[in-house]
Amino acid sequence: MKGGSLKDALSAVGHLAHLKAGEVLFSTGEPCQNVFLIIQGKVRCDADGKEPLIREDGDMLSLVDLLTGSRHSRTCVGVTDVELLFIPKEQINEMLEAADNVMAMTMKASAVRVAIAQEGAPG
């Protein structure tokens, strides 16, 4: 495998957690303190007036909210039992500070663009 991916880097600093089916991972409006990487299982993410999103193995949750400094934009609940990694905001910030500043600025700018696109998407 060439070059480390963001998921590989997150796996190195993440903490293993489990979410039961029907259990709430986080709710809309709560402060965003962690990024979540789903290892196995499915999570449903709901927001008022928008189509629900189903996230599964390999998907990341909360990265855009964390990078843009906003609160959680959706409520996410386990559809199945879920195994996931949670990565505290401090670890993400340390990774960004350790990385080249241009990369950090690019990631933040990309996250803002995604957030704007998601808010403007029909649904």
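A disulfide is taken here as a pair of cysteine sulfur atoms within 2.5 Å. In general terms, a disulfide is a covalent bond between the sulfur atoms of two cysteines. The structure holds one disulfide, and it joins Cys45 to Cys76 with an S to S distance of 2.4 Å. Cys45 sits in strand β4 (residues 42-46) and Cys76 in strand β7 (residues 75-78), so this pair, 31 residues apart, links distant parts of the chain. The torsion about the S-S bond of Cys45 and Cys76 is about 115 degrees, and therefore the disulfide is right-handed.

The model is predicted, so local features need pLDDT of at least 70 and side-chain atom pairs count only at pLDDT 80 or more, while totals for chains, interfaces and linings use all residues. Residues are numbered from 1 along each chain as its sequence is written, and side-chain values use heavy atoms, with hydrogens and water left out.

Now to the overall build. The protein chain has four helices and eight strands; helices (H or I, at least four residues) and strands (E, at least two) are DSSP runs, numbered from the N terminus. Read from the N terminus on, the elements follow the pattern α-β-β-β-β-β-β-α-β-β-α-α. Of the 123 residues, 28% count as buried, where buried means under 20% relative accessible area, exposed over 50%, and partly exposed in between (1.4 Å probe, protein chains only).

Strands of a sheet pair through backbone hydrogen bonds, either parallel or antiparallel. In this model, an open sheet of four strands has the order β1-β8-β3-β6, with antiparallel pairing. Because β1 and β6 (60-61) stand at the edges with a single partner strand each, one side of each is left without a neighbour in the sheet. Two strands count as paired if DSSP finds at least two bridges between them; β3 (residues 34-40) and β8 (residues 82-88) pair over six bridges. Here Asn34 stands opposite Pro88 in β8. Helix α3 (residues 89-98) lies across β3 and β8, at about 60 degrees to β8. For such angles, axes are lines fitted to C-alpha atoms, for helices over the stretch in contact, and angles run from 0 to 180 degrees between N-to-C directions.

His18 gives a view of strand β1 (residues 15-19), in which it lies. This residue counts as exposed, at 60% relative accessibility. Leaving aside neighbours within four places in sequence, His18 is in contact (heavy atoms within 4.5 Å) with Val82 and Glu83.

Charged residues come last. Side chains of opposite charge can pair when their charged atoms come close. A search of the whole structure finds two salt bridges, each defined as a side-chain nitrogen of Lys or Arg within 4 Å of a carboxyl oxygen of Asp or Glu. One joins Lys42 and Glu56 (3.6 Å, N to O), linking strand β4 to strand β5 (residues 53-56) across 14 residues. Lys42 is partly exposed at 36%, as is Glu56 at 35%. In another, the side chains of Asp46 and Arg44 meet (3.0 Å, N to O). Asp46, with 27%, and Arg44, with 37%, are likewise partly exposed.
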